[in-house]
Amino acid sequence: MSDDLLDLALGIAGRASGSEAVESFVTHERDFQVKVYEGEVESLTSAEPRGAGVRVVSKANVGFAFTTDLSDDGITALVKAARDNATHATPDEAVALAEPSDEPPAQITGLFDDAQPSVLPEDKVAFAVALEGATRAADTRIRNVEEAVYSDSISHVAIANSAGLAGSYKRSDAWCYSVAIAEEDGDTQIGFEFDLARGITSLDPGTVGLRAAERGLGVLGARKIPSARMPVVFDPYTAGQFLGVLGSALTGEAVQKGRSLFAGRIGEEVATSNLALVDDGRAEGAPGSAPWDAEGVPTQRTEVIKDGVLRSFLYDIVSARHEGRRSTGNAARSGFKSAPGPSPSNLALDPTGESREEVLRRAGRALLVQDFHGVHSGANSVTGDFSVGATGHLLENGEPTQAVKEVTIAAPMLDILRGIEAVAGDRRWLPFGGSFGGATTLIANMTVAGG
Amino acid sequence: MLTEEVIKKVLAAAAGNGATAELFVEDRRSTALRMDDSRVEDVASGVDIGAGVRVVSGDRASYAYTNVLTLEALLDTARAARAGLGRGGEQAAVDLRRAGSPVKHPVRLPPENIGADDKAAALRAADDAARATGAEVRQVVASYSDVRQKILIASSDGLLAEDDRTRVRFAVQVVAARDGDIATGFDAPGHSGGYELLEKFPAAEVGSKAAAKAVRMLEARPSPAGQFPVVLAPGSGGVLIHEACGHGLEADALVKHASVYADRRGERFGSDSVTIVDDGADLGAWGSVGVDDEGTPAQRTVLFDRGVLVGHLSDLRSARQIGHPPTGNGRRQSYAYLPIVRMTNTYLLPGPDDPDAILESVERGVYAATFAGGEVNPATGNFVFGMAEAYMIENGAITHPIKGATLIGNGPEVLGAIDAVAADFDRKEGVCGKDGQAAPVTNGMSTVLLARMTVGGTEA
């Protein structure tokens, strides 16, 4: 099979001169999105974005540049810009590009839905119409559907470097979301739901629409509750967001730079003894999976916390070399426009063996948190402070009795982790810059501030 | 960027049969340097060129974009946009009229004329100054970025507009530690203009300001939770207006009745001291534009006039839907996005009060010096903001810093709670996210007293 993109990447890497090393990362996507409002297409976007990012390593200096101009002149300018940028960087002996492995990494399965490229645009539009319809039809109290969106992307990714590394893969992604506005007796609440898969046939507009509606309807009539300390249950969605905050503190780089609440805690018990936190860059069907990472290093499974003990951080090449170890395949990029940096791939707590119903029952009287508000400002992975707004339900004997809004929940993040008593088996993947597996999670105790 | 002949051919291929077409062309050159741990770690530059064709019929839009700007690729893009809508493509001819000159935001020192060595030296100066603030300073990340974005917008209605935007931002983040306590400080001035930003905000001053905040916050005690009077510091408090009022007055939310302010024009929400504007023409401000990303000239729009709701923000589509002229608030992150309604520079205008008198009027309350960011549900107006730097006010004076504090409430509620507005107006630059698109925005306000708000904290 000819691979024009890989040839392009190889051509760029081949421009290395003298003792410098050159790495090229090239992507070509076919993207589609349709947004429906009141049964009609509100907007539809189709595109074929493409571009290249280049790193030049000269002695111990690295520089980065990107371009969308893939003409010969454009690429000449690209390599020159990266080379010039390298001269302004502070030397770091740990800087290096990936070595080609003796064996190419095994391709992983479940990255591509072969049926997806031939799905017709009209079927995608019909999907979004059905999604909006299902949201609207769920209940007469659904006053409006603010957004109903279907989106997909087929991407071709190639990497090559002047040390001889070369690889490419294709992946397909399809996702959808719906935003329901529920209203009753002058109260308005928003319900958001989404799903993602490799192809449209694995998505169900009826289920997503209904769930969006239910999430809005469920918190109608919500009010504050008196301030108290009580058990808190994170829904899969909020549990995934919490892992997202933890994840940024779990990279080797964050730790080396003193930018992590986990610094100096390897070997320490940071969670209850039955808890395991695993990063798996090859998890089948998970959004963050790939055969190799953004530097071309094969992905792997890394036990971050095992039996409650912090075992390992997540590394890209440079952060690993700072500690004389090997990359864990955790380099990520947000596209060809960004240089690689360390990030979790698919990070999730292992389930502790109970169902969601069992976890809720065990919680007894607790706050079930459906949505966080203000996570990006209220959660600090350096200090470990966690104080965010919450919407959800007050549980009595595990049953929702009162919808709750405008409360703040707070506890130091390590206390939250140590307080995790159960992780249900209802894991779902949430793509929050890296992917995070959220499941219904019981935390023994947090401060709930109402008024 | 493209010849008028090419533009006309592309528009003619896209428009017609009841559909109008718009071509958006962008050439963006960017430079970014980052110093971390006293080392210049990232030096990056980018060339991002693309063009998109939007075909519009009634309330429906189809969009396609490409990174290849040949006539052939642009015509393919026009056909793809047309196909998405199922109409267009029979327009006979397009006349183009160049729009009048947009607001020009002066650029005295074009960043492309400043060497990377100078930019790296500025990072070094900020790093040195931050570390000189105290032994408690453990981490300093300084970053410099400049962007020059040239855009061209042409439509089958005959509009031809161009804008040439240069923005520079300098940011310093500091982590301080003492006896196991960790605190952070951040400062990040930016503007629409050139490298002269660093004359107005010398790198060393930005560094020491961020470091001083971090060191001060080491003394922070856990925030109490409950209902308190809240004093907002000049500048940073403006994010509250942005989140709690601005988003709800974006006309796309109003049209869909997804806003707490829908159908409430003319209603009083606050006292006479509450006048709020969005001003995309504010000379040199970070969120300013010459024309917006649909070619509408930047303007100043009054949202609340002495407490009464009088205005909204719109792009072309929502303006048509709402039956008012567009306000110049159609913005897009890049050619890869459809324009949506966005704020530019949103200000609570200064009032007559004395900031010291405001503080002295508070028996026990919270002084919110810097918000870490926030979010709001436009449908309900509910918001939550984290406070990056906050203090207790006791008996009319600031006593000690507090940590883990959040402000929780509702947009209309906060407008009603504004009891006093001082004259010490200041601006803070930020990046606003909406529908997955980022936009540079400025928030501005003076010292403001909120009579009573819910504060979230760790002390129940």
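Between chain A and chain B, 31 residue pairs are in polar contact, with both residues at pLDDT 80 or more; such a contact is a pair of N or O atoms within 3.5 Å, one able to donate a hydrogen and the other to accept it, and residues adjacent in sequence count only if both atoms are side-chain atoms. This is a predicted model, in which local features need pLDDT of at least 70 and side-chain atom pairs count only at pLDDT 80 or more, while totals for chains, interfaces and linings use all residues. Residues are numbered from 1 along each chain as its sequence is written, chains are lettered from A in the order in which they are written, and side-chain values use heavy atoms, with hydrogens and water left out.

- Strand 2 of chain A (residues 40–47) supplies 8 residues, the largest share of the side of chain A that touches chain B.
- That side of chain A divides into 20 nonpolar, 24 polar and 18 charged residues.
- In total, 62 residues of chain A are in contact with 64 residues of chain B (heavy atoms within 4.5 Å).
- The area buried between the two chains is about 5,000 Å², with 49% of it given by carbon and sulfur atoms (accessible area, 1.4 Å probe, lost on putting the two parts together and summed over both).
- There are 8 salt bridges between chain A and chain B (a side-chain nitrogen of Lys or Arg within 4 Å of a carboxyl oxygen of Asp or Glu), and the side chains of B:Glu41 and A:Lys257 meet in a salt bridge at 2.7 Å, N to O.

**Cavity**

- The structure holds 1 cavity of 30 Å³ or more (on a 1 Å grid, points where a 1.4 Å probe fits but cannot get out, with lining residues having an atom within 4 Å of a point), and the largest cavity contains about 70 Å³ of space.
- Helix 5 of chain A gives the most to the lining of the largest cavity, with 3 residues.
- The lining of the largest cavity has 9 nonpolar, 3 polar and no charged residues, including A:Phe234, A:Leu349 and A:Thr441.

Definitions and conventions
1 Å grid on protein atoms, 1.4 Å probe; cavity = no way out; pocket = protein on both sides within 12 Å on 5 of 7 lines; lining within 4 Å. Points joined across faces, edges and corners; volume = space filled by probe spheres on them. Helix = DSSP H or I, 4+ residues; strand = E, 2+ residues; numbered from the N terminus. Nonpolar A, V, L, I, M, F, W, Y, C, P; charged D, E, K, R; others polar.
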